[in-house]
Amino acid sequence: MGLRSGAGKLGSFRDFLIQRVLEKPDITMPELARVLQEEHGVTADPSTLSRLL
């Protein structure tokens, strides 16, 4: 079971995260987590970002 894709706390940031990956295809998940924290004040584990994307 579990939440449907995109329904968690990061669902509203999915487009933002995808855009970051498109801008820098070699970005790592820890770097992406740091960008999310810096720009939106949202803390997320890199593994959670990986599952979302």
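User: What percentage of the 53 residues of the protein chain count as buried, and what makes a residue buried?

Analyst: Of the 53 residues, 25% count as buried, a word kept for residues with under 20% relative accessible area, while exposed means over 50% and partly exposed covers what lies in between, using a 1.4 Å probe and the protein chains only. This is a predicted model, in which local features need pLDDT of at least 70 and side-chain atom pairs count only at pLDDT 80 or more, although totals for chains, interfaces and linings use all residues. Residues are numbered from 1 along each chain as its sequence is written, and side-chain values use heavy atoms, with hydrogens and water left out.

User: How many helices and strands are in the protein chain, and what makes a stretch a helix?

Analyst: The protein chain has three helices and zero strands, and from the N terminus its elements follow the order α-α-α. A helix is a DSSP run of H or I with at least four residues, whereas a strand is a run of E with at least two, and both are numbered from the N terminus.

User: Why are the buried residues of H2 said to line one face of the helix?

Analyst: The buried residues of H2 are Leu-32, Ala-33, Val-35 and Leu-36. Seen down the axis of H2, they fall within an arc of 160 degrees, so they line one face of the helix; the arc is taken from the directions running from the helix axis to the C-beta atoms. These residues pack against helix H1 (14-23) and helix H3 (46-52).

User: What makes a set of residues a nonpolar core, and which residues have the most contacts inside the largest one?

Analyst: A nonpolar core is a set of buried Ala, Val, Leu, Ile, Met, Phe, Trp, Tyr and Cys residues joined through side-chain atoms within 4.5 Å. The largest such core has 13 residues, and those with the most contacts inside it are Leu-10, Phe-13, Leu-17, Leu-36 and Leu-49. H1, H2 and H3 are the elements that give it two or more residues, and H2 gives the most, with four. In soluble globular proteins, nonpolar side chains tend to be buried together.

User: Which residues is Leu-49 in contact with, leaving aside its neighbours within four places in sequence?

Analyst: A contact means heavy atoms within 4.5 Å, and with those neighbours left aside Leu-49 is in contact with Leu-10, Leu-17, Met-29, Leu-32, Ala-33, Leu-36 and Ala-44.

User: Why is the pairing of Arg-20 and Glu-39 called a salt bridge?

Analyst: A salt bridge is a side-chain nitrogen of Lys or Arg within 4 Å of a carboxyl oxygen of Asp or Glu, and the N to O distance for Arg-20 and Glu-39 is 2.6 Å, so the pair meets the definition. This pair links distant parts of the chain, with Arg-20 in helix H1 and Glu-39 in helix H2, 19 residues apart.

User: How many salt bridges does the structure hold, and what are the closest N and O distances for Arg-20 with Glu-23 and for Lys-24 with Glu-31?

Analyst: The structure holds three salt bridges. In one of them the closest N and O atoms of Arg-20 and Glu-23 are 3.1 Å apart, and these residues, three apart in helix H1, are separated by about one helical turn. For Lys-24 and Glu-31 the closest N and O atoms are 3.6 Å apart. Salt bridges that share partners join Arg-20, Glu-23 and Glu-39 into one network.

User: Why is Arg-20 called partly exposed?

Analyst: Arg-20 has 23% relative accessibility and therefore counts as partly exposed. Glu-39 at 44%, Lys-24 at 37% and Glu-31 at 25% are partly exposed as well.
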